[in-house]
Amino acid sequence: MEVMLLLHSPLVPALSVHPRCRSILSGRASYLKSSQQRVFGEVERGLAGSCKMSSFVLAARAGEQSVVVEEEALLKSESSPLKVFPGQAHPLGVSEVESGINFAIFSQNATTVTLCLLLEERGIRNELDEGMIELTLDPKVNKTGDIWHICVEVPRSNVLYGYRVDGPRDWSQGHRFDYDNILLDPYAKLIEGRRVFGDANNKMSKYFGTYDFDCLPFDWGENYKLPKIHEKDLVIYEMNVRAFTADDSSGLDSKIRGSYLGVIEKIPHLLELGVNAVELLPVFEFDEMELQRRPNPRDHLINTWGYSTINFFAPMSRYASNGGGPINASREFREMVRALHGAGIEVILDVVYNHTNEADDKNPYTTSFRGIDNKVYYMIDFNNNAQLMNFSGCGNTLNCNHPDVMELILDSLRHWVTEYHVDGFRFDLASVLCRGTDGSPHNAPPLIRAIAKDSILSRCKIIAEPWDCGGLYLVGKFPNWDRWAEWNGIYRDDIRRFIKGDIGMKGSFATRVSGSADLFQVNQRKPYHGINFVIAHDGFTLYDLVSYNFKHNDANGERGNDGCNDNFSWNCGAEGETADTNIKELRLRQMKNFQVALMISQGTPMMLMGDEYGHTRFGNNNSYGHDNALNNFQWGQLKDKKDNLFRFFSEMIKFRRSRHVFTRENFIGKNEVTWHEDNWENYESKFLAFTLHEENGSDVYVAFNAHDYFIKASIPSPPESRRWYRVVDTNLESPRDIVPEGVEGVKEMYEIAPYSSIILQAK
């Protein structure tokens, strides 16, 4: 067995980056090694201490058939002895075994793998010029199949580790090995890097895996239980952990602003709003400073959205309070989940398995997968100089349906369910997960099926963003096994177009609010398999949707070339901010109309953080790189809007949740809705009215007028022994715009104002 002990002095790597869905900017990493001393079987004279070799037999782990003959190497240095054993292939990552700490990493094409260790007592984390121990694995002893492994007697915590990996240098075969890089373990459960979010003084910080076997298991509490909310009853709130409380206006102590603990402090707001699920923008470890690693037009940006995953198992360490690091981040994430569950709120994670942070071949930012086994982890175009395929828009595409990559993804998902108790996942650019290793679409992708059928994931909500940047648009056609839900992008577009007054949209609008049966009524799928939304994190906020005709993205450094151009927005008469009272009132009315449409629709509604008070990004529809008020929740503005827009949003959510007619498990039947319409073929018509029938007679009448003039609507007779009560009229000022208990006195004719909507309840 070959063991290499190195005391080496790495220089700070000149690493670079990639952003989300646009051209990638990054640079090569290089490390210089010095003071190398190798030990081959016995200590050479120049190495302090001694090395004793012996062998013994250990029984294999339970369930294994073989017996492993292990060799022990005792390496004694001036500071600390290390016992080294061959180790075992499973589980991947770091695990504690009887002999010490086991390290196991997959690489099919590597020829050399070296474990790099930094013990706390051997060097300061940010000064890696001393104390790095490197153990080169012998493939005859430390390799089983494609898994390299070693067991080392090191402390149970406070150890940083990574790997050097070498192999064929044949670019044309898809290899990108570079032994100079120290790489992250793809299965690392905790990541140590810079401690403070956006710390410009440490923007070149390197990342290491770490672990903690000393801490006690997390106490979820005796009365703890999962919310287990049915999909049809969900109201999802898409939010960013940091942006939710990072602003001074949050009123929180600076130590917990922008943290998992900050979310806990604001749970009362979520309860008052009425949502019962949060969908968190990426919380896997990412490098928010990636755009600043070398000069470029966007080197002023900080990646606050997080769609640039470094590792699929570790919670974002800089979301820990007070720069607490990865161990605290792991604990505080659990505390956040426990608190949300205690409040009856489910936790859904936005996960990015379509690409990683490592960018493209022009400007790679090598931190892990590329250097460990590029040919396995990424899709490669062998017809184009073995360049990385780019169906993600971010420079690379994870090879999701390769068996070993698929197992990595499944292990990651199971980890978040078993260790962190999350309730579901929204898969970013999920159409990528439907592509084979050559990039071609599959009708029955193995990964998608495995996720749908996995027993551990069986209780989870699984939601696809059913498109990618390569044009694979699968809304309503996503492979689903009757389990997968989908972001309904067609719903978003059709609702926007009807509410703003586009002609010819009435029929499409009716289809969308009634559950999009044209898309989802297949096999055993249900209305709730469609995730209805008008606004999401990328694109305009709701306020900007009614205030801007055009995107205003100059602050992003791409000369306005980034972001979507097809927003189906309408500024109501003036671009951006205005003092015109009529325009401001129309915008407010339109925001309420969108909320009405979303909350009365069959399917699962999702809204964006901040829309409840009318958050603006001033027309920027791609604000991924702004760690400021452009993205941060403005709690002062919420206070100002509490009795108007917020109240309307909150009451509308609660009205939906209290009425079965909006949350049906099955698609609406002919006897469950009456369309008050004999003018379907009129292309110019922008008025729609219908009644949703309830078995107990608590019918609900809904009408939308997207014309620029009043419509005198004939109100149908209420069920026997009932009367109509007005619940919503968006043309009325608050608090008359929504009255949950209803206002009596509804007559046979109702004048519905331009660009407004009404709801009547039979009581």
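How many bridges join strand β8 to β9? Select β8 (residues 112-119) and its partner β9, and you will find five bridges between these antiparallel strands, where strands are DSSP runs of E with at least two residues, helices are runs of H or I with at least four, and both are numbered from the N terminus. Two strands pair if DSSP finds at least two bridges between them.

Before going on, note that this is a predicted model, in which local features need pLDDT of at least 70 and side-chain atom pairs count only at pLDDT 80 or more, while totals for chains, interfaces and linings use all residues. Residues are numbered from 1 along each chain as its sequence is written, and side-chain values use heavy atoms, with hydrogens and water left out.

Next, show the open sheet of five strands, ordered β9-β8-β12-β14-β13 with antiparallel pairing. Strands β9 (132-136) and β13 (190-192) stand at the edges with a single partner strand each, so one side of each has no neighbour in the sheet.

Now select helix α4 (residues 325-342) and helix α6 (residues 403-420), which pack at an angle of about 70° with their axes 10 Å apart; axes are lines fitted to C-alpha atoms, for helices over the stretch in contact, and angles run from 0 to 180 degrees between N-to-C directions. The contact (heavy atoms within 4.5 Å) is made by Ser 330, Phe 333, Arg 334 and Val 337 of α4 together with Trp 416, Glu 419 and Tyr 420 of α6.
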